[in-house]
Amino acid sequence: CKILRCNSEYVAATLSLRGSPHTAAYCSALRSYSHCTRKTARTCRGDLAYHSAVHGIEDLMIQNNCSKDGPTAPPRARPPDPNHQSFEALDICDYEKSFLHRHGRSPSYQHCAAFGDPHIRTFQHEFHTCRVEGSWPLLDNDYLFVQATSSPVAKGSNATVTSKLTIIFKNMKECIEQKVYQAELDNLPAAFEDGSVNGGERPGGSSLAIRELQPGHHVEIRADYIGTTIAVRQAGRQLSFSIRAAEEVTRAFTEEQDLQLCVGGCPLSQRISRSECCHRAGHQQAEAARALCKELLPVEDVYFQSCVFDVVTSGDANFTMAAHGALEDAKVFLPNAEELHIFQ
């Protein structure tokens, strides 16, 4: 609602007329003020300042015998911003630009990932391996809802993998219509559910876009209007999810939206010890898994440990690609390279 701008323009136009109302210039300023408030009517209808201005203008026009039709005062020249762009010139569907304009600095970003058994790297750099069979929310905030559906990696196994991902980009005024992306094993589409590849017909529709980086294996979704990029991959018989999101976006949720694996990690009852599986496995089997993982993951961090765990529990060498893909996403998505590796 831009009613304050209308108010300030009216004040500026009438500063030199104080003490001499009933003039043609004063009526022109009032007509301009009225025209400005009409343009904000839709966005300001719930604003008290707007309603006060509308009634005040009517009273002043009656008191000064101003007709509703006639010339209007030319808008005053506005001083340029420090970055030589006015607020109106900035694209509100470009989160980085609008954040810089509002706060005078670049936004902060956070990273979360879910891959393999599944393993969860939270926004706070905590790392859990989870049982979580069935559907669980990774994210649930004002802008995004992401749900992962897990199923056993093999019949009778305790280990589970993500077999389906549902991502909902919620409706946002001038920018995008609500869009739903759904991926399942062996079906990683390069389009939203409605067949589109962007945010729709709205002015900022191009601020949400999807592209295929590796057919059937790697899709990237850029949501520039909320400063967010998402990667969805399939490696072997599992799906993985990685996100880089503006901190302001990741925190936009209520107390009712308390279950989000990217925010709080796995519930205690759903956590699995990664070391137990390797103790139960034969020494030879564990060493073979370590050698396999070492080829793609030379640093023995949690990505390496997760890889060993997945290969041992599933018996599937393709699981090395799940941990490797998650690490590659983290290299791109993490603002601070020193936070890349987690050691436990």
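**Reading a predicted fold**

Student: Leaving aside its neighbours within four places in sequence, which residues is Ile221 in contact with?

Tutor: Contact means heavy atoms within 4.5 Å. Beyond those sequence neighbours, Ile221 touches Ile167, Phe169, Tyr181, Phe192, Leu208, Ala209, Ile210, Thr228, Thr229 and Ile230.

Student: What should I know about the model itself?

Tutor: This is a predicted model: local features need pLDDT of at least 70, side-chain atom pairs count only at pLDDT 80 or more, and totals for chains, interfaces and linings use all residues. Residues are numbered from 1 along each chain as its sequence is written, and side-chain values use heavy atoms, with hydrogens and water left out.

Student: Which residues have the most contacts inside the largest nonpolar core?

Tutor: In soluble globular proteins, nonpolar side chains tend to be buried together. A nonpolar core is a set of buried Ala, Val, Leu, Ile, Met, Phe, Trp, Tyr and Cys residues joined through side-chain atoms within 4.5 Å. Buried means under 20% relative accessible area, exposed over 50%, partly exposed in between (1.4 Å probe, protein chains only). Here the largest core has 43 residues. Leu138, Ile167, Phe169, Tyr181, Ile221 and Phe241 have the most contacts inside it. Strand β11 gives the most to this core, with five residues. Another core lies apart from it, with 21 residues, including Val161, Cys307, Phe319 and Leu327.

Student: In what order do the seven strands of the open sheet run?

Tutor: Start with the labels. Helices (H or I, at least four residues) and strands (E, at least two) are DSSP runs, numbered from the N terminus. Two strands pair if DSSP finds at least two bridges between them. The order here is β3-β2-β1-β11-β10-β9-β8, with antiparallel pairing. The edge strands, β3 (127-129) and β8 (208-214), each pair on one side only. From one strand to the next, the twist averages 10 degrees.

Student: Which helix lies across β1, β9, β10 and β11?

Tutor: Angles first. Axes are lines fitted to C-alpha atoms, for helices over the stretch in contact, and angles run from 0 to 180 degrees between N-to-C directions. Helix α11 (residues 319-333) lies across those four strands, at about 165 degrees to β10.

Student: How many residues lie between β8 and β9 in their hairpin?

Tutor: Three residues lie between them, and Gly216 in the turn has a positive phi of about 80 degrees. Six bridges join the two antiparallel strands. Glu212 stands opposite Val219 in β9.

Student: What is the order of the four-strand sheet?

Tutor: That open sheet reads β4-β5-β6-β7, again antiparallel. Its edges are β4 (134-140) and β7 (179-184). Nine bridges join β5 (residues 144-152) to β6 (residues 160-169).

Student: How many disulfides does the structure hold?

Tutor: A disulfide is a covalent bond between the sulfur atoms of two cysteines. The cut-off used is a pair of cysteine sulfur atoms within 2.5 Å. The structure holds six. In one of them, the sulfur atoms of Cys6 and Cys36 are 2.1 Å apart. The link is left-handed, with -80 degrees about the S-S bond. Cys6 lies in helix α1 (residues 3-14) and Cys36 in helix α2 (residues 24-39), so the pair ties together parts that are 30 residues apart in sequence.

Student: Are Cys6 and Cys36 buried or exposed?

Tutor: Cys6 is buried, with a relative accessible area of 2%. Cys36 is also buried, at 6%.
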